[in-house]
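Hi,

Here is the structure I said I would pass on.

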Amino acid sequence: MSASGQRGFTLLEVIVALGIVSLVIIAIFEQMAMTTRTATALREAALASWVAQNQIAELRFSETFPEVSEFNGEVDYSNTRWRWQAVVSETGVEDLRRVDVEVSLVDQPDRIIRTVSGFLVPPGPATVAGGWPAGAAGGQGDPRAPGAQPGEDAQPVDPATPGDNDEAGEDEQ
(Lines give C-alpha, C1' and ligand atoms only; values in the text may rest on other atoms or scores of the structure.)
Protein backbone atom coordinates (compact mmCIF):
# COMPACT_ATOMS: atom_id res chain seq x y z
CA MET A 1 0.00 0.00 0.00
CA SER A 2 1.23 3.45 -0.82
CA ALA A 3 1.57 6.19 1.72
CA SER A 4 -1.50 7.95 0.40
CA GLY A 5 -3.66 4.95 1.28
CA GLN A 6 -4.67 4.03 -2.27
CA ARG A 7 -4.90 0.39 -3.16
CA GLY A 8 -3.77 -1.07 -6.52
CA PHE A 9 -0.97 -2.65 -8.47
CA THR A 10 2.37 -1.05 -9.01
CA LEU A 11 3.68 -0.52 -12.51
CA LEU A 12 6.21 -3.32 -12.02
CA GLU A 13 3.47 -5.82 -11.03
CA VAL A 14 1.42 -4.92 -14.11
CA ILE A 15 4.42 -5.35 -16.43
CA VAL A 16 5.27 -8.77 -14.89
CA ALA A 17 1.63 -9.91 -15.22
CA LEU A 18 1.51 -8.80 -18.87
CA GLY A 19 4.77 -10.68 -19.53
CA ILE A 20 3.36 -13.89 -18.04
CA VAL A 21 0.11 -13.59 -20.00
CA SER A 22 2.10 -12.94 -23.20
CA LEU A 23 4.19 -16.08 -22.66
CA VAL A 24 1.05 -18.17 -22.09
CA ILE A 25 -0.57 -16.83 -25.28
CA ILE A 26 2.58 -17.54 -27.29
CA ALA A 27 2.72 -21.11 -25.93
CA ILE A 28 -0.95 -21.67 -26.85
CA PHE A 29 -0.38 -20.45 -30.42
CA GLU A 30 2.73 -22.64 -30.77
CA GLN A 31 0.72 -25.66 -29.64
CA MET A 32 -2.07 -24.87 -32.10
CA ALA A 33 0.46 -24.54 -34.96
CA MET A 34 2.09 -27.86 -34.03
CA THR A 35 -1.32 -29.57 -33.92
CA THR A 36 -2.14 -28.20 -37.37
CA ARG A 37 1.21 -29.38 -38.79
CA THR A 38 0.69 -32.84 -37.29
CA ALA A 39 -2.84 -33.13 -38.69
CA THR A 40 -1.58 -32.10 -42.14
CA ALA A 41 1.27 -34.64 -42.00
CA LEU A 42 -1.12 -37.43 -40.95
CA ARG A 43 -3.54 -36.54 -43.74
CA GLU A 44 -0.72 -36.54 -46.32
CA ALA A 45 0.60 -39.89 -45.04
CA ALA A 46 -2.84 -41.53 -45.22
CA LEU A 47 -3.55 -40.20 -48.72
CA ALA A 48 -0.08 -41.14 -49.98
CA SER A 49 -0.57 -44.65 -48.62
CA TRP A 50 -3.84 -44.95 -50.52
CA VAL A 51 -2.21 -43.68 -53.72
CA ALA A 52 0.53 -46.33 -53.39
CA GLN A 53 -1.95 -49.10 -52.58
CA ASN A 54 -4.03 -48.12 -55.62
CA GLN A 55 -0.96 -48.44 -57.87
CA ILE A 56 -0.16 -51.89 -56.44
CA ALA A 57 -3.79 -52.94 -56.94
CA GLU A 58 -3.67 -51.79 -60.58
CA LEU A 59 -0.55 -53.92 -61.12
CA ARG A 60 -2.22 -56.93 -59.50
CA PHE A 61 -5.30 -56.65 -61.70
CA SER A 62 -3.41 -56.01 -64.92
CA GLU A 63 -3.32 -58.74 -67.54
CA THR A 64 0.49 -58.87 -67.63
CA PHE A 65 3.17 -59.84 -65.14
CA PRO A 66 5.51 -56.84 -64.82
CA GLU A 67 9.18 -57.23 -65.65
CA VAL A 68 11.86 -56.12 -63.18
CA SER A 69 11.86 -52.39 -63.82
CA GLU A 70 11.16 -48.89 -62.54
CA PHE A 71 8.35 -46.63 -63.70
CA ASN A 72 6.46 -43.61 -62.40
CA GLY A 73 3.46 -41.44 -62.92
CA GLU A 74 1.25 -38.72 -61.52
CA VAL A 75 -2.30 -38.88 -60.26
CA ASP A 76 -4.92 -36.48 -58.87
CA TYR A 77 -6.33 -37.73 -55.60
CA SER A 78 -8.30 -35.80 -53.00
CA ASN A 79 -7.72 -32.44 -54.69
CA THR A 80 -3.94 -32.97 -54.59
CA ARG A 81 -1.48 -33.85 -57.35
CA TRP A 82 0.70 -36.83 -56.35
CA ARG A 83 3.82 -38.34 -57.93
CA TRP A 84 4.52 -42.05 -57.51
CA GLN A 85 7.48 -44.22 -58.46
CA ALA A 86 7.29 -48.01 -58.55
CA VAL A 87 10.27 -50.35 -58.41
CA VAL A 88 9.60 -53.99 -59.37
CA SER A 89 12.29 -56.41 -58.20
CA GLU A 90 12.98 -60.14 -57.99
CA THR A 91 12.29 -61.98 -54.74
CA GLY A 92 14.28 -65.16 -55.29
CA VAL A 93 11.02 -67.09 -55.59
CA GLU A 94 9.89 -68.11 -59.05
CA ASP A 95 6.85 -66.17 -60.28
CA LEU A 96 6.87 -63.76 -57.33
CA ARG A 97 7.87 -60.11 -57.69
CA ARG A 98 8.14 -57.38 -55.09
CA VAL A 99 6.93 -53.89 -55.87
CA ASP A 100 7.85 -50.83 -53.80
CA VAL A 101 5.85 -47.68 -54.49
CA GLU A 102 7.14 -44.33 -53.22
CA VAL A 103 4.72 -41.40 -53.13
CA SER A 104 5.46 -37.69 -52.93
CA LEU A 105 3.74 -34.43 -53.82
CA VAL A 106 4.34 -33.28 -57.41
CA ASP A 107 5.78 -29.95 -56.25
CA GLN A 108 8.11 -31.70 -53.73
CA PRO A 109 9.33 -34.85 -55.54
CA ASP A 110 12.38 -35.33 -53.27
CA ARG A 111 10.24 -35.48 -50.11
CA ILE A 112 8.95 -39.09 -50.02
CA ILE A 113 5.81 -39.14 -47.87
CA ARG A 114 5.12 -42.87 -47.88
CA THR A 115 6.57 -46.08 -49.29
CA VAL A 116 4.31 -49.14 -49.61
CA SER A 117 5.48 -52.61 -50.62
CA GLY A 118 3.49 -55.44 -52.17
CA PHE A 119 3.99 -58.74 -53.93
CA LEU A 120 2.82 -59.74 -57.39
CA VAL A 121 2.16 -63.11 -58.99
CA PRO A 122 1.46 -63.78 -62.68
CA PRO A 123 -2.19 -63.57 -63.71
CA GLY A 124 -3.64 -67.05 -63.39
CA PRO A 125 -6.90 -68.93 -63.70
CA ALA A 126 -10.17 -67.34 -62.78
CA THR A 127 -10.89 -67.08 -59.09
CA VAL A 128 -14.12 -67.37 -57.16
CA ALA A 129 -15.43 -65.07 -54.44
CA GLY A 130 -12.86 -64.56 -51.73
CA GLY A 131 -9.92 -64.87 -54.13
CA TRP A 132 -9.67 -68.68 -54.06
CA PRO A 133 -8.76 -70.29 -57.38
CA ALA A 134 -11.56 -72.51 -58.65
CA GLY A 135 -10.98 -76.04 -57.34
CA ALA A 136 -8.38 -75.00 -54.75
CA ALA A 137 -8.81 -75.54 -51.01
CA GLY A 138 -11.74 -73.37 -50.01
CA GLY A 139 -12.69 -72.67 -53.63
CA GLN A 140 -15.64 -73.74 -55.71
CA GLY A 141 -15.97 -77.53 -55.75
CA ASP A 142 -14.00 -77.98 -52.53
CA PRO A 143 -15.99 -80.04 -50.01
CA ARG A 144 -14.27 -78.11 -47.22
CA ALA A 145 -15.57 -74.77 -48.48
CA PRO A 146 -18.26 -73.16 -46.34
CA GLY A 147 -21.71 -74.13 -47.57
CA ALA A 148 -20.35 -76.71 -50.03
CA GLN A 149 -22.83 -79.26 -51.29
CA PRO A 150 -21.72 -82.83 -51.91
CA GLY A 151 -21.22 -83.31 -55.61
CA GLU A 152 -18.97 -85.19 -57.96
CA ASP A 153 -15.85 -83.56 -56.43
CA ALA A 154 -16.97 -84.09 -52.85
CA GLN A 155 -16.63 -87.42 -51.08
CA PRO A 156 -19.09 -87.75 -48.18
CA VAL A 157 -17.56 -88.96 -44.94
CA ASP A 158 -19.35 -91.64 -42.92
CA PRO A 159 -18.98 -90.70 -39.22
CA ALA A 160 -19.86 -94.29 -38.26
CA THR A 161 -16.65 -95.55 -39.88
CA PRO A 162 -13.79 -94.02 -37.88
CA GLY A 163 -10.28 -94.23 -39.28
CA ASP A 164 -11.52 -94.72 -42.85
CA ASN A 165 -9.86 -91.55 -44.09
CA ASP A 166 -6.59 -92.85 -45.55
CA GLU A 167 -6.19 -89.76 -47.78
CA ALA A 168 -5.66 -87.53 -44.77
CA GLY A 169 -3.07 -89.89 -43.34
CA GLU A 170 -5.16 -90.76 -40.30
CA ASP A 171 -4.81 -94.29 -38.93
CA GLU A 172 -7.10 -96.07 -36.51
CA GLN A 173 -5.34 -96.45 -33.18
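Below is what I found, going from the overall layout to single residues.

A word on the ground rules first. This is a predicted model, so I kept to local features with pLDDT of at least 70 and counted side-chain atom pairs only at pLDDT 80 or more, while totals for chains, interfaces and linings use all residues. Residues are numbered from 1 along each chain as its sequence is written, and side-chain values use heavy atoms, with hydrogens and water left out.

**Overall layout**

The protein chain has one helix and four strands, and along the sequence they come in the order α-β-β-β-β. Helices (H or I, at least four residues) and strands (E, at least two) are DSSP runs, numbered from the N terminus. Of the 173 residues in the protein chain, 19% are buried. Buried here means under 20% relative accessible area, exposed means over 50%, and partly exposed is in between (1.4 Å probe, protein chains only). The accessible surface of the protein chain is about 13100 Å², and carbon and sulfur atoms account for 56% of that; the areas come from the Shrake-Rupley method with a 1.4 Å probe, and for residues only the protein chains shown count as cover. If you take contacts (heavy atoms within 4.5 Å) between residues at least 6 apart in sequence, 38% of them join residues at least 24 apart.

**The core**

The largest nonpolar core holds 18 residues, and Trp82, Val99, Val101 and Val103 touch the most other members. Helix H1 (11-61), strand E2 (80-90), E3 and strand E4 (108-120) each put in at least two residues, with H1 giving the most, at six. By nonpolar core I mean a set of buried Ala, Val, Leu, Ile, Met, Phe, Trp, Tyr and Cys residues joined through side-chain atoms within 4.5 Å. In soluble globular proteins, nonpolar side chains tend to be buried together.

Leaving out residues up to four places away in sequence, Val103 touches Ala48, Val51, Ala52, Trp82, Arg83, Trp84, Arg111, Ile112, Ile113 and Arg114.

**Salt bridges**

There are five salt bridges in the structure, each being a side-chain nitrogen of Lys or Arg within 4 Å of a carboxyl oxygen of Asp or Glu. One of them pairs Arg111 with Glu44 at 2.6 Å, N to O. Arg111 sits in strand E4 and Glu44 in helix H1, so this pair ties together parts that are 67 residues apart in sequence. Glu44 is buried, at 15% relative accessible area, whereas Arg111 is partly exposed at 38%.

Asp100 and Arg98 make another, with their closest N and O atoms 3.0 Å apart. Arg98 is partly exposed at 32% relative accessible area. Within it, the side chains of Arg81 and Asp76 meet at 3.1 Å, N to O; Asp76 is exposed at 56% relative accessibility, and Arg81 is partly exposed at 35%.

Where does Asp100 lie? It is in strand E3 (residues 97-105). With 18% relative accessibility, Asp100 counts as buried. Its side chain also makes a polar contact of 2.3 Å with the side chain of Ser117. (A polar contact is a pair of N or O atoms within 3.5 Å; within protein, one must be able to donate a hydrogen and the other to accept it, and residues adjacent in sequence count only if both atoms are side-chain atoms.) Beyond neighbours within four places in sequence, Asp100 is in contact with Gln85, Ala86, Val87, Val116 and Ser117.

**A nonpolar patch on the surface**

Leu12, Val16, Ile20, Val21, Val24, Ile25, Ile28, Phe29 and Met32 form a nonpolar surface patch with about 870 Å² of accessible area together. Patch members have over 30% relative accessible area and no salt bridge; like charges are joined within 9 Å, and nonpolar side chains (Val, Leu, Ile, Met, Phe, Trp, Tyr) within 5 Å. Val24, for one, lies in helix H1 and is partly exposed at 46% relative accessible area.

Most residues other than glycine have a negative phi. Ser78 has a positive one, near 55°, and is placed in the loop between strand E1 (69-77) and E2. Asp95 also has a positive phi, near 60°, and its place is the loop between E2 and E3. Both are partly exposed: Ser78 at 36% relative accessible area, and Asp95 at 44%.

Cheers
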